[in-house]
Amino acid sequence: MDKSKIKNKKVLITGGLGFVGSNLAIKLVELGADVLIIDNMLPRQGGNMFNIEPVKDKVKINISDIRNPTSMNHLVKGMDYIFHIAGQVNHVDSVKDPLNDLSINVEGTLVLMEALKNNNPSAKVIFTGTRGEYGSSLTLPVSESHAINPIGIYAITNFAAERIVLTYNNLHKIKSLCLRITNTFGPRHQMAHDEYGVFNWFIRKAMDSEVIPIFGDGRILRDYLYIDDLVNSLVQIALSEEAYGDVYNIGSGKPLSFVELAEMIIKIAGKGKVNYTEFTSERKALEPGDYYADITKITNMIPWKPVTGLEEGIRATISYYEKNRKHYW
Ligand SMILES: NC(=O)c1ccc[n+]([C@@H]2O[C@H](COP(=O)([O-])OP(=O)(O)OC[C@H]3O[C@@H](n4cnc5c(N)ncnc54)[C@H](O)[C@@H]3O)[C@@H](O)[C@H]2O)c1
């Protein structure tokens, strides 16, 4: 796949000051794209101006809310690609304030797609949904044809947003594709709290020589992906004409238990320790159990596969936060 095809393309990233969006913005600038970021710096989420420090003079930033039709009608004009990454992602907040989750993830997506329909229907849309849309796995690994049974409002609103995006693809011919992304970790994730992003939180705890809390026996399996691998898949799938109109899993495809993960982080950091604790009733109710992705569909579509080993990713993440701790702690 020739990634240089993105050169000089006009790319809008919603949520571009957050973890996924900022890492993508840095990559796109490196590839020569003309990047506009929209972000409202939603409190208690990952928006952080320092995230785009390496490209701050090379991207345009518009601090606005994706739910504002006046802004969105104007900002989508002339764009070639829209990476729709903005979202309410805080699991705790989605339980406390489900209407806000609905408003950002569903209404926000509708405002964006309406803005495109009315002002720029030839733009292509890449939507970053979550593996949470599947809920509890009935079979493993989980392929795209697995039943959808989301647990919790965050996963439900992500699935609704995915269906909205695909409906605009089918009904209004706005070329769109949707991703169900696994747990991703790496530099530029928020490190302020444990309300989402468990992998990065474990890294913070180890770096601070603190206890890593493991709920239950820690044997639940997850699929963890390093951010650079995710970003590479996003760029490649966006450039793949045949990929539009469909849904793809993105993950490493490799299962790892929480306790194995914690032990690996502690070994690499050289500090921290594990402590087993009971699930809170809220966490238990939202826990879907084992998950790892079947990534056959995306690897058949684009010449991509995850290349960053977990140990290498953990080292790179620790190194980033050692240098930039004051912007995240
Ligand atoms: N990080 C992961 O492991 C992961 C896994 C699966 C899916 N995803 C999806 O990727 C997307 C981004 O996740 P992330 O980890 O980068 O989160 P993040 O919190 O780091 O970034 C989200 C960004 O969206 C912005 N935002 C929120 N509401 C907005 C609004 N109304 N208008 C404009 N901007 C708004 C926030 O300010 C923040 O900068 C989410 O949709 C999430 O569901 C992430």
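Reader: What covers the buried residues of α6?

Author: The cover includes strands β7, β8 (211-215) and β9, and helices α8 (258-269) and α11 (310-324). Helices here are DSSP runs of H or I of at least four residues and strands are runs of E of at least two, numbered from the N terminus. Residues are numbered from 1 along each chain as its sequence is written. The model is predicted, so local features need pLDDT of at least 70 and side-chain atom pairs count only at pLDDT 80 or more, while totals for chains, interfaces and linings use all residues.

Reader: What makes helix α6 (residues 198-207) mostly covered?

Author: Nine of its ten residues are buried, that is, each has 20 or more other C-beta atoms, placed from the backbone, within 10 Å of its own. Among the buried residues of α6 are Phe-199, Trp-201, Arg-204 and Lys-205. Just after α6, Ser-209 has a positive phi of about 55°.

Reader: How is the packing of α1 and α7 described?

Author: Two packed helices are described by the angle between their axes and the distance between the axes. For α1 (residues 19-30) and α7 (residues 227-238) the angle is about 65° and the axes are 10 Å apart. The residues that meet are Val-20, Asn-23, Leu-24 and Lys-27 in α1, and Ile-227, Leu-230, Val-231, Leu-234 and Val-235 in α7. By class, this contact has seven nonpolar, one polar and one charged residues.

Reader: Which residues come nearest to the ligand?

Author: Of the 32 residues around the ligand, Gly-15, Gly-18, Gly-46, Gly-47 and Gly-87 come nearest. A residue is near if its C-beta atom, placed from the backbone, lies within 6 Å. Helix α1 gives the most to this shell, with three residues.

Conventions. Axes are lines fitted to C-alpha atoms, for helices over the stretch in contact, and angles run from 0 to 180 degrees between N-to-C directions. Two residues are in contact if their C-beta atoms, placed from the backbone, lie within 7 Å. Ala, Val, Leu, Ile, Met, Phe, Trp, Tyr, Cys and Pro count as nonpolar, Asp, Glu, Lys and Arg as charged, and the others, Gly among them, as polar. A residue is buried if 20 or more other C-beta atoms lie within 10 Å of its own, exposed if 12 or fewer, and partly exposed in between; C-beta atoms are placed from the backbone.
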